[in-house]
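Subject: Structure handover

Hello,

Here is the structure for you to work with. My findings follow below it.

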Amino acid sequence: MAVVLRPVQGTDMDAMFGMLSDPDSRQMAPFVIIDTDTRAEFEAHIEKLKADPSIKLYSMMVAGHFVGAIMTFDGPAGREVFYWIRRIAWGRGLATEAMARILSLDHSRPIHAHVLSTNPRALAVLENCGFVELSRRDAVETPAPDDDDILLVKN
Ligand SMILES: CC(C)(COP(=O)(O)OP(=O)(O)OC[C@H]1O[C@@H](n2cnc3c(N)ncnc32)[C@H](O)[C@@H]1OP(=O)(O)O)[C@@H](O)C(=O)NCCC(=O)NCCS
């Protein structure tokens, strides 16, 4: 399936807000950086991200439909990547394809990603794209405080 990455547009906001509000998905990635409760706050936050030249934020499109979002940014660990797929589109290889694509657009290395140990789908995506485990620690202030937060790196 061909995933196209293009800059986020206003027309993506409904689908993106819905995707990031899904409680089960949020539990899989509690360190989400886009963490707003109201639609207005959300849109203001996206505008801030878009205005930051160090952030590459893309919508993932399949046949003209929004299926997810992916971004690279400067985080505490260094350059980081973060990604999210609409629940109805899980399990079709879209995250893996989008990850491979953003790695060809952002050449910063090393590049890092955080994943909970209870998120095997997200781990598989990263390992399939050449990331390896760098460290792990108890995740703090998450809905599942016993999970390990695994930091992976691609050099
Ligand atoms: C994690 C997420 C991005 C995966 O998206 P996706 O499009 O379903 O991912 P893909 O289809 O590209 O790959 C999923 C991989 O997980 C594997 N997988 C699926 N269910 C699994 C399970 N229960 N246990 C282990 N592996 C599993 C698949 O086999 C596939 O690996 P493969 O290509 O080697 O077969 C998506 O579930 C999501 O957006 N979750 C919420 C946000 C999130 O967790 N983001 C991750 C950043 S921390």
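Let me begin with the core. The largest nonpolar core has 29 residues, and Met-60, Ala-98 and Leu-126 have the most contacts inside it. A nonpolar core here is a set of buried Ala, Val, Leu, Ile, Met, Phe, Trp, Tyr and Cys residues joined through C-beta atoms within 7 Å. Buried means that 20 or more other C-beta atoms lie within 10 Å of a residue's own; exposed means 12 or fewer, partly exposed is in between, and C-beta atoms are placed from the backbone. Helix H1 (13-21), E2, E3, E4, H4, E5, H5 and strand E7 (148-154) each supply at least two residues of this core. Met-60 touches Val-3, Leu-5, Val-67, Gly-68, Ala-69, Ile-70, Leu-94 and Ala-98, leaving aside residues up to four places away in sequence. A contact means C-beta atoms, placed from the backbone, within 7 Å. In soluble globular proteins, nonpolar side chains tend to be buried together.

Some ground rules. This is a predicted model: local features need pLDDT of at least 70, side-chain atom pairs count only at pLDDT 80 or more, and totals for chains, interfaces and linings use all residues. Residues are numbered from 1 along each chain as its sequence is written.

Overall fold

The chain has five helices and seven strands. Helices (H or I, at least four residues) and strands (E, at least two) are DSSP runs, numbered from the N terminus. Along the sequence the pattern reads β-α-α-α-β-β-β-α-β-α-β-β. The C-alpha atoms fill a box of roughly 40 × 30 × 30 Å along the principal axes. The radius of gyration of the chain is 15 Å, which agrees with the value near 15 Å for a compact globule of 155 residues. That radius is taken over C-alpha atoms, and the globule rule is 2.2 Å times the number of residues to the power 0.38. Buried residues make up 25% of the 155. Among contacts between residues at least 6 apart in sequence, 60% join residues at least 24 apart.

Strand pairing

Two strands pair if DSSP finds at least two bridges between them. Strand E1 (residues 4-7) and strand E2 (residues 56-62) run antiparallel, with four bridges. Here Arg-6 stands opposite Ser-59 in E2. E2 and strand E3 (residues 65-75) also run antiparallel, joined by seven bridges. Lys-56 has Thr-72 in E3 as its bridge partner. E3 and E4 are antiparallel too, with eight bridges. Met-71 stands opposite Phe-82 in E4. The hairpin of E3 and E4 has two residues between the strands.

The hairpin of E2 and E3 also has two residues between its strands, and Ala-63 takes a positive phi near 50° there. Ala-63 is a residue other than glycine. Ala-63 counts as exposed because 8 other C-beta atoms lie within 10 Å.

Ligand shell

Which residues are closest to the ligand? They are Trp-90, Ala-95, Thr-96, Pro-120 and Ala-124, out of 23 that surround it. A residue is near a molecule if its C-beta atom, placed from the backbone, lies within 6 Å of it. Helix H2 (23-28), strand E4 (78-85), helix H4 (94-105), strand E5 (111-116) and helix H5 (120-128) each supply at least two residues of the shell. H5 gives the most, with six. By class, the shell has 14 nonpolar, seven polar and two charged residues. Ala, Val, Leu, Ile, Met, Phe, Trp, Tyr, Cys and Pro count as nonpolar, Asp, Glu, Lys and Arg as charged, and the others, Gly among them, as polar.

Loops to look at

The peptide bond from Arg-109 to Pro-110 is cis, with omega near 0°. Pro-110 sits in the loop between H4 and E5. Arg-109 and Thr-38 are 71 residues apart along the chain, and their C-alpha atoms are separated by 35 Å. Thr-38 lies in the loop between H2 and helix H3 (39-51). With 9 other C-beta atoms within 10 Å, Thr-38 is exposed.

Pro-76 is in the loop between E3 and E4. It counts as exposed, with 8 C-beta neighbours inside 10 Å. Pro-76 and His-112 are 36 residues apart in sequence, and 9.9 Å apart in space, C-alpha to C-alpha.

Best wishes

Conventions: Contact = placed C-beta atoms within 7 Å.
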